[in-house]
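Welcome to my notebook. I opened this entry to look up a few things and jot them down for anyone meeting the structure here.

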Amino acid sequence: MNQENIVVITGGASGIGLSSTNRFLKEGYEVIIIDIDKKAGKKLEKDLKSKGYTLIFKHCNISSYQQVKEVFKSLKNDNKTPNVLVNSAGISPGLNMLHKYPVDEWHKAIEINLNGTFYSCREFLKLAINKKIKSGAIVNVASIMGVRASGAQASYAASKHAVVGLTKSIGIEYAPLNIRANAVGPGVIDTPMNTELMKDEKIMQFLLSRIPNNRVATPDEVANLIFFLASPEASYITGSYYPVDGGYLAT
Ligand SMILES: NC(=O)c1ccc[n+]([C@@H]2O[C@H](COP(=O)([O-])OP(=O)(O)OC[C@H]3O[C@@H](n4cnc5c(N)ncnc54)[C@H](O)[C@@H]3O)[C@@H](O)[C@H]2O)c1
């Protein structure tokens, strides 16, 4: 396997991350999944390996810097140098007015959605520079809440706005080294994260009324954008944010 075709995908065992895993595998990449869900990750590794794909699952909580560091150290020891990083691991915290917002839930959203993304970007870039890769790409999964807000979702909006800022900074800092960084902003996507939400007809009606395409998206529709931004086709695209939202942000 060509060293230039290795992608690390955080949250690669479910939803948008899983669609990305499947897409990169189909395009001939070796995929390394980082996920906290050991059962799903192990099963995926077994299933996809039996189909002939090259996939490694690393059980890891991305909100632990130590654990993320260990994963990238093990990749270095195994002489694997990823040239693409997709950060899809994330959570959607509970809804609440800010003055009643549980402080531990605030910290959890920031620790997973923001700090986790920072840790994996840091370790990916460190390894990429150590191994002097010729080109690389990072795609961080933010949200429409990375540029817009809605009531009762301050911790999510704050974490995703910060992911967009982090991504832009990386784009600027690493452009001279030919490592690009972009963020994607999914709207409402049909993934396990939204299973409960999508059962609520009233909320769905309200959400759909705000989406010009009048439907939710499949995770594959987000993975299409992620793959494009990671590929050489996007060679002059960096430091930016791209929504995939059925027109939501245009309204
Ligand atoms: N589904 C949507 O409508 C939507 C919209 C906008 C943005 N997003 C963002 O897309 C990303 C993926 O969401 P999804 O809908 O695919 O959700 P999902 O719940 O299907 O998948 C999230 C994955 O991240 C993993 N994960 C969660 N916490 C982790 C941790 N601490 N360490 C390692 N892995 C962890 C989970 O185990 C899971 O495999 C998230 O960052 C989410 O905020 C989703």
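**Contacts, core and strands**

I began with Phe 124 and, leaving out residues up to four places away in sequence, I found that Phe 124 touches Val 8, Phe 72, Pro 82, Leu 85 and Ile 138. A reminder to myself: this is a predicted model.

Next I looked up the largest nonpolar core, which has 66 residues. Phe 124 is among the members that touch the most others, together with Val 7, Ile 33, Val 184, Val 222 and Ile 226. Helix H4 (residues 103–130) gives this core its largest share, 9 residues. I also noted the general background: in soluble globular proteins, nonpolar side chains tend to be buried together.

Then I turned to strand S2 and asked: why is S2 (residues 30–35) largely enclosed by the rest of the structure? I counted 5 of its 6 residues as buried, so the strand is largely enclosed.

Which strands pair with S2? Strand S1 (residues 6–10) does, in the parallel sense, over 5 bridges. I picked out one partner: Ile 6 is bridged to Glu 30 in S2. Strand S3 (residues 55–59) also runs parallel to S2, and 5 bridges join them. Here I noted that Asp 35 has His 59 in S3 as its bridge partner.

Last, I followed the chain between these strands. S1, helix H1 (residues 15–26) and S2 form a β-α-β unit, and it is right-handed. From S2, I went on through helix H2 (residues 38–50) to S3, and these three elements make a right-handed β-α-β unit.

Note on methods: Residues numbered from 1 in each chain as written. Predicted model: local features only at pLDDT ≥ 70, side-chain atom pairs only at ≥ 80, totals over all residues. Core = buried A, V, L, I, M, F, W, Y, C linked by C-beta atoms within 7 Å. Buried ≥ 20, exposed ≤ 12 C-beta atoms within 10 Å, placed from the backbone. Helix = DSSP H or I, 4+ residues; strand = E, 2+ residues; numbered from the N terminus. Contact = placed C-beta atoms within 7 Å. Pairing = 2+ DSSP bridges. Right-handed = clockwise from strand over helix to strand, strands pointing away.
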